[in-house]
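Colleague: I have a model open and want to learn how to read it. Can we go through it feature by feature?

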Amino acid sequence: MLNKIQLIGHLGRDPEHSQTKAGRAVTTLSLATTERWNDQAGQLQERTEWHRIVLFNRSAEVAARYLSKGARIYLEGRLQTRQWQDQAGQERTTTEVIAERMKMLDKAPAPSGAASDSTPGDPPAFDDALPF
């Protein structure tokens with residue numbers, strides 16, 4: 001069996017960071033992926049899909065600290081569907097991506113006057129190579 005998803009997209013809002021009752025760090029992201037194509041008439045078409053991303057522990061802390069609305073990221077994870085009750089008592093279903101690997105694709109701005117591409121304040125990457 002295989003449950004794996006890979007996405008590259010932009011954040012639609014700033015990360016939302018919290019902790020579970022057990023004290024585990026959790027951050028949720030709203031990630032947009034956009035598909036573009038030309039239709040039969042040659043007109044450019046576009047469709048954006050929104051994905052709810054959940055990160056835990058160290059990756060949750062890094063995402064909350066270094067990511068913001070508009071950031072471009074690559075991630076790998078698995079799909080998970082869960083059911084919950086809203087405040088009105090209605091049964092709801094949510095499908096989320098539980099992220100297992102993340103890489104920030106935007107280059108962090110270097111401090112003015114810096115000669116290097118990498119500075120001690122650069123955000124860490126969780127994986128140095130994209131799988132394609």
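**Rings, core and one buried alanine**

Modeller: A search of the whole structure, a predicted model, turns up zero aromatic pairs.

Colleague: What describes a pair of aromatic rings?

Modeller: The distance of the centres and the angle of the planes describe such a pair. Here the search finds zero pairs.

Colleague: Which residue lies over the face of Phe 56?

Modeller: Arg 24 does, at 4.2 Å from the ring centre.

Colleague: Now the core. How many residues does the largest nonpolar core have?

Modeller: It has 19 residues. Ile 53, Leu 55, Leu 67 and Ile 73 have the most contacts inside it. At least two residues of this core come from each of β1 (5–11), β3, β4 (44–56), α1 (57–66), β5 (72–85) and β6 (91–104). β6 gives the most, with four residues.

Colleague: Take Leu 67. What is it in contact with, leaving aside neighbours within four places in sequence?

Modeller: Leu 67 is in contact with Leu 11, Pro 15, Leu 29, Val 62, Ile 73, Met 102 and Met 104.

Colleague: And Ala 25: buried or exposed?

Modeller: Buried means under 20% relative accessible area. Ala 25 has 5%, so it counts as buried. Ala 25 lies in strand β3, residues 25–38.

Colleague: What does Ala 25 touch, not counting residues up to four places away in sequence?

Modeller: Ala 25 touches His 17, Ser 18, Gln 19, Leu 55, Phe 56, Asn 57, Ala 60 and Glu 61. Take Glu 61: along the chain, Ala 25 and Glu 61 are 36 residues apart. Their C-alpha atoms are separated by 6.6 Å.

Key. Residues are numbered from 1 along each chain as its sequence is written. This is a predicted model: local features need pLDDT of at least 70, side-chain atom pairs count only at pLDDT 80 or more; totals for chains, interfaces and linings use all residues. Side-chain values use heavy atoms; hydrogens and water are left out. Buried means under 20% relative accessible area, exposed over 50%, partly exposed in between (1.4 Å probe, protein chains only). Contact means heavy atoms within 4.5 Å. A nonpolar core is a set of buried Ala, Val, Leu, Ile, Met, Phe, Trp, Tyr and Cys residues joined through side-chain atoms within 4.5 Å. Rings of Phe, Tyr and Trp (its six-membered ring) pair if their centres lie within 6.5 Å; planes under 30 degrees apart count as stacked, over 60 as edge-to-face and the rest as tilted. A charge sits over a ring if NZ of Lys or CZ of Arg is within 6 Å of the ring centre and within 35 degrees of the ring normal.
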